[in-house]
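Good morning, and thank you for joining this group meeting.

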Amino acid sequence: VDSRTMIVETYGRQNYKLELSGACMGIEDAFRIGIRTRAGALNVCGGFDAEVLYSEPGSGRLARCHITDVKAITKEEADRIEGVTPKTAENRDREGT
């Protein structure tokens, strides 16, 4: 959504709103984004359980932001929050970005 908020859809089609610490500069244009749990945990249940890793546009350098809050939301809520077509590789190809 922006440099402090991320909407994630899991393989199980569950949607979550993640709040990130500080401004994660360049995350909106990152081609690779991942989530890594802390201390070997298998689930992200709340804030500070994980961090978002992404490659910075241009340099490709690995950057990270801590997740400060996790909230389960519906698909409809996710669509309203985003208000835009999600940035996927397929959509980027069509847009030429």
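This is a predicted model: local features need pLDDT of at least 70, side-chain atom pairs count only at pLDDT 80 or more; totals for chains, interfaces and linings use all residues.

Let me begin with β1 and β2, which pair in the antiparallel sense over 5 bridges. Two strands are said to pair if DSSP finds at least two bridges between them. Helices (H or I, at least four residues) and strands (E, at least two) are DSSP runs, and they are numbered from the N terminus. Residues are numbered from 1 along each chain as its sequence is written, and side-chain values use heavy atoms, with hydrogens and water left out.

Of the 5 residues in β1, 4 are buried, so the strand is mostly covered. Here, buried means under 20% relative accessible area, exposed means over 50%, and partly exposed lies in between, with a 1.4 Å probe and protein chains only.

Let me now step back to the whole chain. The protein chain has 2 helices and 5 strands, and from the N terminus on, its elements run β-β-β-β-β-α-α. Of its 97 residues, 27% are buried. A contact means heavy atoms within 4.5 Å. Among contacts between residues at least 6 apart in sequence, 45% join residues at least 24 apart.

Next, I turn to the pairings of β5. β2 and β5 pair in the antiparallel sense over 6 bridges, and there L18 stands opposite V70 in β5. β4 and β5 also pair in the antiparallel sense, over 5 bridges, with E51 opposite H66 in β5. β4 and β5 form a hairpin with 6 residues between them; G58, in the turn, has a positive phi of about 90°.

What is S55 in contact with, leaving aside its neighbours within four places in sequence? S55 has its place in strand β4 and counts as buried, at 11% relative accessibility. Its contacts beyond those neighbours are A30, F31, R32, G60 and R61.

I come now to the salt bridges. A salt bridge is a side-chain nitrogen of Lys or Arg within 4 Å of a carboxyl oxygen of Asp or Glu. A search of the whole structure finds 5 salt bridges, and I shall describe some of them.

R13 is exposed, with a relative accessible area of 65%, while E9 is partly exposed at 36%.

In another salt bridge, the side chains of E51 and R36 meet at 2.5 Å, N to O. This pair links distant parts of the chain, with E51 in strand β4 (residues 50-55) and R36 in strand β3, 15 residues apart. Is E51 buried or exposed? E51 is buried, with a relative accessible area of 7%, whereas R36 is partly exposed at 40%.

A further salt bridge joins K75 and D79, whose closest N and O atoms are 3.0 Å apart. Because K75 and D79 are 4 residues apart in helix α1 (residues 75-82), about one helical turn separates them. Both partners are partly exposed: K75 has a relative accessible area of 39%, and D79 has one of 38%.

Finally, I turn to empty space. Rolling a probe the size of a water molecule over the atoms shows where such space is left. On a 1 Å grid over the protein atoms alone, a pocket is an open set of points where a 1.4 Å probe fits, with protein on both sides within 12 Å along at least five of seven lines; lining residues have an atom within 4 Å of a point.

The second largest pocket has a volume of about 390 Å³, a volume being the space filled by probe spheres set on the points, which are joined across faces, edges and corners. This pocket is lined by 14 residues, of which V8, T10, Y16, I35 and V44 lie nearest its centre. The elements giving two or more residues to the lining are β1 (5-9), β2 (15-20), β3 (33-37) and β5 (62-73).
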